[in-house]
Amino acid sequence: MEIDTEINEFMPLRVVVFLTLRSSILKGELLPGERLMEIQLANKLGVSRTPVREAIRMLEQEGLVVMKPRRGAEVAKITVQELDDVLEVRKGLEILAIQKACERVTPEDLEAMEAAAGEFEKLVNTEGSDLALLAEADVAFHDAIYKATRNKRIIQILANLREQMYRFRIEYLKSSGIRQTLVEEHQEIMQAVRNRDVEKAVALIGEHIDKQQQEIKASIEREETKP
């Protein structure tokens, strides 16, 4: 497993290591249940053990790392409660965003949505597409909707939520069958926005998020029942 970092001379080293590890966890590069070995991580990042230890404590405070007896630090597993908390907030914000997008969308906004939806579909139909690229294309589609709101606060708040969503988005995109469903959902949502059909757009975005929540819950439950 490779971990890339850019050393920022204006940040304390522990913060640089924290942000690097946090990004790796959220992107699924460090997997749930994976042990975080201080010496190994220090060697990969080219730092001493002290900033790694401090970063792990910070990750523990965020709930992304747990300490296990006789095992030490490991990446926290995704829980149903965490999923529900994040998606509950996201659903409310996405509904607000789609309402405003229907009112304020421009031809340029629709072009951006079409381009993002097209890129996502292209990746879905390309064998062996990288999960991270699929996730980025999905993010780009939703970002185009947010931009169409012309509301800087909505855009900012949803951007802040993006990282917390990343782990769930990657988990959801693991299923190839779901990817094709998402292609169709993107097209339906985009058509509703194009028609400025607020009621239909709200219903579609709600179903879009509800399906994600149900599928990831099922995945979590399957993992929990494994021997």
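# Helices, pockets and cavities

H7 gives the most to the lining of the largest cavity, with five residues. The model is a predicted one. Two cavities of 30 Å³ or more are counted in it. The largest pocket has a volume of about 540 Å³, and the second largest pocket has about 160 Å³.

**The largest cavity**

- The volume of the largest cavity is about 90 Å³.
- Its lining includes Arg90, Glu94, Val139, His142, Asp143 and Tyr146. Leu158, Leu161, Arg162, Met165 and Arg169 also belong to the lining.
- Helix H4 (80-104), H6 and H7 each supply at least two residues of this lining.
- By class, the lining of the largest cavity holds five nonpolar residues, one polar residue and five charged residues.

**The second largest cavity**

- The second largest cavity has a volume of about 50 Å³.
- Arg90, Asp138, Arg169 and Tyr172 are among the residues that line the second largest cavity. Leu173, Leu182, His208 and Gln212 line it as well.
- H7 and H9 each give at least two residues to this lining. H7 gives the most, with three residues.
- The lining of the second largest cavity divides into three nonpolar, two polar and three charged residues.
- Arg90 and Arg169 line this cavity, and Arg90 and Arg169 line the largest cavity too.

**The largest pocket**

- The largest pocket, with its volume of about 540 Å³, is lined by 19 residues.
- Which residues lie nearest the centre of the largest pocket? They are Pro32, Ile78, Glu171, Lys174 and Glu223.
- Helix H6 (131-148), helix H7 (152-173) and helix H9 (198-224) are the elements that give two or more residues to the lining of the largest pocket.
- H9 provides the largest share of that lining, four residues.
- Eight residues of the lining of the largest pocket are nonpolar, three are polar and eight are charged.

**The second largest pocket**

- The second largest pocket has a volume of about 160 Å³.
- The lining of the second largest pocket has 13 residues, of which Leu36, Glu38, Ile56, Gly72 and Ala73 lie nearest the centre.
- H2, H3 and S2 each supply at least two residues of this lining. The largest share, five residues, comes from H3.
- The lining of the second largest pocket splits into six nonpolar, one polar and six charged residues.

**Helix H3**

- Helix H3 runs over residues 49-62 and has 14 residues. From its first C-alpha to its last, H3 reaches 20 Å, close to the 20 Å expected at 1.5 Å a residue.
- Pro51, Val52, Ala55, Ile56 and Leu59 are buried in H3. Seen down the axis of H3, the buried residues fall within an arc of 140 degrees, so they line one face of the helix.
- What do the buried residues of H3 pack against? Their partners are helix H1 (13-26), helix H2 (38-45), strand S1 (65-68) and strand S2 (72-75).
- Ile56 is buried in H3. Ile56 is also one of the residues nearest the centre of the second largest pocket.

**Helix H9**

- H9 has 27 residues. It reaches 39 Å from its first C-alpha to its last, close to the 39 Å expected at 1.5 Å a residue.
- The buried residues of H9 include Ala201, Leu204, Ile205, Gly206, His208 and Ile209. Gln212, Gln213, Ile216, Ser219 and Ile220 are buried as well.
- H4, H6, H7 and helix H8 (176-194) are among the elements that cover the buried residues of H9.
- His208 and Gln212 are buried in H9, and His208 and Gln212 also line the second largest cavity.

**Valine 16**

- Valine 16 sits in helix H1.
- Is valine 16 buried or exposed? Its relative accessible area is 6%, under the 20% cut-off, so valine 16 counts as buried.
- Valine 16 and isoleucine 157 are 141 residues apart along the chain. Their C-alpha atoms are separated by 23 Å.

How values were computed
Residues are numbered from 1 along each chain as its sequence is written. This is a predicted model: local features need pLDDT of at least 70, side-chain atom pairs count only at pLDDT 80 or more; totals for chains, interfaces and linings use all residues. Side-chain values use heavy atoms; hydrogens and water are left out. The expected span of a helix is 1.5 Å times one less than its number of residues. Buried means under 20% relative accessible area, exposed over 50%, partly exposed in between (1.4 Å probe, protein chains only). The arc is that of the directions from the helix axis to the C-beta atoms. Contact means heavy atoms within 4.5 Å. On a 1 Å grid over the protein atoms alone, a cavity is a set of points where a 1.4 Å probe fits but cannot get out, and a pocket is an open set with protein on both sides within 12 Å along at least five of seven lines; lining residues have an atom within 4 Å of a point. Grid points are joined across faces, edges and corners, and a volume is the space filled by probe spheres set on the points. Ala, Val, Leu, Ile, Met, Phe, Trp, Tyr, Cys and Pro count as nonpolar, Asp, Glu, Lys and Arg as charged, and the others, Gly among them, as polar.
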